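Visitor: I would like a close look at one part of this model, the place where the two chains meet. Could you walk me through it slowly, as I am new to this?

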Amino acid sequence: MVVSAADVVLSAEGLAKRYGDREVVSDVSFALRRGEVFGFLGPNGAGKTTTIRMLVGLVKPSRGRIVIDGHDLRQEFEAAMRRVGCIVETPDLYKFLTGRENLEHFARMLGDGAAGRIDSLAALVHMDGRLDGVVRTYSLGMRQRVGIAQALLSDPAVLILDEPTNGLDPAGIREMRELVRRLAGEQGLAVFVSSHLLSEVEKMVDRIAIVHRGRTLATGTLVELTDGGRRGLEDLFLELTGGETV
Amino acid sequence: MPVMAGLVENECLKILRRKRFRLVLVVLAALLCLVVFAQNRQQQNQRRDHPERDWRAQVEKRASDLERQAGQRRMPENWKRWMRYESGRLRYYLSKNLNPNELTGPVFTRTFAGVGSVLLIPLLIAVFGADLVSSEFAEGTITLLLTRPVARWKVLLSKVVAMMLFTTLTLLAAFFLAWGISGVAFGWSGWGAPMLMGFRLGPGAAGGFDLTGVRMVPLWQDTFAAWGLAWFSALAVGSITLLLSVVFRSVAAAMGTMMATLVGGTILSRVASDWDGAKWFFVTNLPLPDFYAGLPTPFEGMTLAFSVWVLLAWAAASLAAAFLLFTRRDVTA
Ligand SMILES: Nc1ncnc2c1ncn2[C@@H]1O[C@H](COP(=O)(O)OP(=O)(O)O)[C@@H](O)[C@H]1O
Ligand SMILES: [Mg+2]
């Protein structure tokens with residue numbers, strides 16, 4: 001598959017993050033293309049959440065560069081972030097507000113009629129009719145879906161989800177998978193999904209990167225990485241990391 | 001900036017829905033009821049115990065009591081200064097044939113500006129101000145707030161504006177509650193009553209009572225100035241509270257630190273009268289309405305202008321530190 005530079009909506013080059021004297025992320029690079037679901041796979045502590053925090057401007061990289069839809073994140077924060085929606089770790093909303101008030105709150109941060117999209121987004125994530133309950137009373141799955149609706153308010157090119165299947169039951173996981181596939185397929189969104197469980201994202205991703213101890217070790221489609229399916233991804237992972245399983 | 005209006009609306013919505021501000025109003029009303037009730041009882045008791053005495057005799061007695069106490073050797077120096085000031089003021093009122101103790105709703109309201117800006121109003125501001133930023137960290141919502149296409153300084157600016165709005169609301173509420181509640185007991189009218197202002201104590205332990213600057217202003221004018229100064233003090237407290245709210249990730253830590261500082265500072269300015277470094281501390285400078293009225297300052301050499309500048313410096317430094325910290329810090333977990 002030939003990929004032109006114009007297809008890349010998010011690129012990370014040589015990202016590193018040091019906390020004190022400990023380097024948590026050492027060398028993470030990848031490019032995210034329009035309309036694909038990209039899996040970011042690695043064991044707990046590999047540096048997935050730290051990488052995501054750098055991608056969305058919460059943490060300043062010690063090294064490396066992030067470009068989102070042509071905008072350098074450090075130099076053009078607002079322009080870059082307008083093209084991104086994200087849920088980092090848990091979907092923390094204002095618990096004392098209703099789902100609708102939360103969405104209105106974040107719509108006001110965007111201006112330009114984002115509030116007009118609330119109802120259609122609620123329908124998209126199957127939350128229509130339940131938006132007027134206080135978030136405190138929502139299940140994790142409901143919060144996750146309001147969180148995704150919130151992430152889509154700015155009509156972004158990239159959706160970043162950090163371990164979105166964590167804590168969901170099998171039905172919830174299936175629903176999440178279908179939603180992610182639909183967003184990538186119908187809306188042309190690039191979706192970045194991190195996970196430490198290969199089995200939970202295997203069926204939703206187009207390409208994956210394997211990250212271990214703060215480094216991206218391999219990137220490619222599942223077919224490429226498994227030699228056309230001749231060997232399992234588990235084996236590849238064991239080979240790359242020397243023992244730890246995904 | 002159309003987005004800024006939306007950001008401020010968001011912050012106001014969150015303050016109101018967290019219900020802390022309602023607590024502030026309830027506490028304010030309850031305390032005022034209590035104080036007015038107590039003052040009313042005191043006034044009634046005095047009338048019952050000394051029905052025969054007219055106000056001149058009472059003021060005369062109070063002034064000479066104060067002078068006698070101020071002559072005692074073991075009295076702390078700043079108490080002596082206050083006593084000499086108060087007796088001088090009372091005697092001047094007598095000489096003008098004005099009753100300094102005439103208690104009306106408006107007089108109560110004027111006095112409350114000074115009393116309230118020392119501890120009560122700052123504490124109430126700490127109650128709703130301490131969680132402006134720290135609660136976003138504590139509840140995890142900071143992640144969403146800072147991953148929207150809005151620069152961090154704008155997010156914090158909207159919180160500063162909301163802090164100022166609600167500080168102003170607190171002061172307005174305090175004014176109208178003080179007048180409304182005290183009026184029930186002492187009457188709501190009397191805004192035109194003459195007030196004598198500008199008494200001054202000379203320097204040192206033996207400094208004389210200086211009457212050259214004394215002037216007469218209508219009470220409403222004095223009250224307006226006093227509440228304006230109380231508002232200024234309150235904004236300084238709000239700015240410092242906001243800094244603590246940025247520093248601490250827990251609401252309790254931010255609120256507790258601010259409250260301990262306010263209470264500790266108040267004690268300090270009462271007891272540490274010979275360490276005059278304390279005059280640079282913001283808490284010492286909070287009672288601007290009292291300094292404006294001419295009441296002796298806790299430390300010699302402090303003036304109204306000095307205190308205004310000290311508070312301004314504290315507020316500006318706090319806001320600058322808050323912006324630096326908030327826009328630079330890594331948001332982890
Ligand atoms: N603020 C921090 N200070 C120090 N170490 C941290 C901090 N945040 C994360 N780490 C460490 O960095 C490593 C990677 O963490 P994280 O990015 O959360 O991994 P993952 O999401 O892949 O499980 C972990 O070992 C974690 O303990
Ligand atoms: Mg993680």
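Guide: Here is a tour of the meeting place of the two chains, followed by a stop at the ligand and a comparison with a boundary inside one chain. Please keep in mind that this is a predicted model.

Let us begin with who takes part. Chain A brings 31 residues to the contact, and chain B brings 30 residues. How much area is buried between chain A and chain B? The figure is about 2,900 Å², and carbon and sulfur atoms give 57% of it. If you wonder why an area is quoted, the size of an interface is often given as the accessible area lost when the parts come together. On the chain A side, the residues that lose the most area to chain B are F96(A), R108(A) and M109(A), which together make up 26% of what that side buries.

Next, look at charge. Side chains of opposite charge can pair when their charged atoms come close. Between chain A and chain B the count is four salt bridges. One of them joins R17(B) to E101(A), with the closest N and O atoms 2.5 Å apart. Polar contacts cross this boundary as well: there are 18 residue pairs of that kind between chain A and chain B.

Which elements of chain A supply at least two residues each to the side that touches chain B? They are the strands and helices labelled β1 (8-19), α2 (77-81), β6 (84-87) and α3 (99-110). Of these, α3(A) gives the most, with six residues. Sorted by class, this side of chain A holds 16 nonpolar, five polar and ten charged residues.

Now for the ligand. Ligand 1 lies between chains A and B. The residues around ligand 1 include Y19(A), R22(A), K48(A) and, from the other chain, T332(B). A polar backbone atom of G45(A) is 2.7 Å from an oxygen atom of ligand 1. For A46(A), a backbone N or O atom lies 3.2 Å from an oxygen atom of the ligand. From chain B, a polar side-chain atom of T332(B) lies 3.5 Å from a nitrogen atom of ligand 1.

One pair is R63(A) with E23(A), whose closest N and O atoms are 3.5 Å apart. R63(A) sits in strand β4 and E23(A) in strand β2 of chain A, so this pair links parts of the chain 40 residues apart.

Technical notes. Residues are numbered from 1 along each chain as its sequence is written. Chains are lettered from A and ligands numbered from 1 in the order in which they are written. This is a predicted model: local features need pLDDT of at least 70, side-chain atom pairs count only at pLDDT 80 or more; totals for chains, interfaces and linings use all residues. Side-chain values use heavy atoms; hydrogens and water are left out. Contact means heavy atoms within 4.5 Å. Buried area is the accessible area (1.4 Å probe) that two parts lose on being put together, summed over both. A salt bridge is a side-chain nitrogen of Lys or Arg within 4 Å of a carboxyl oxygen of Asp or Glu. A polar contact is a pair of N or O atoms within 3.5 Å; within protein, one must be able to donate a hydrogen and the other to accept it, and residues adjacent in sequence count only if both atoms are side-chain atoms. Helices (H or I, at least four residues) and strands (E, at least two) are DSSP runs, numbered from the N terminus. Ala, Val, Leu, Ile, Met, Phe, Trp, Tyr, Cys and Pro count as nonpolar, Asp, Glu, Lys and Arg as charged, and the others, Gly among them, as polar. A residue is near a molecule or strand if one of its heavy atoms lies within 4 Å of it.
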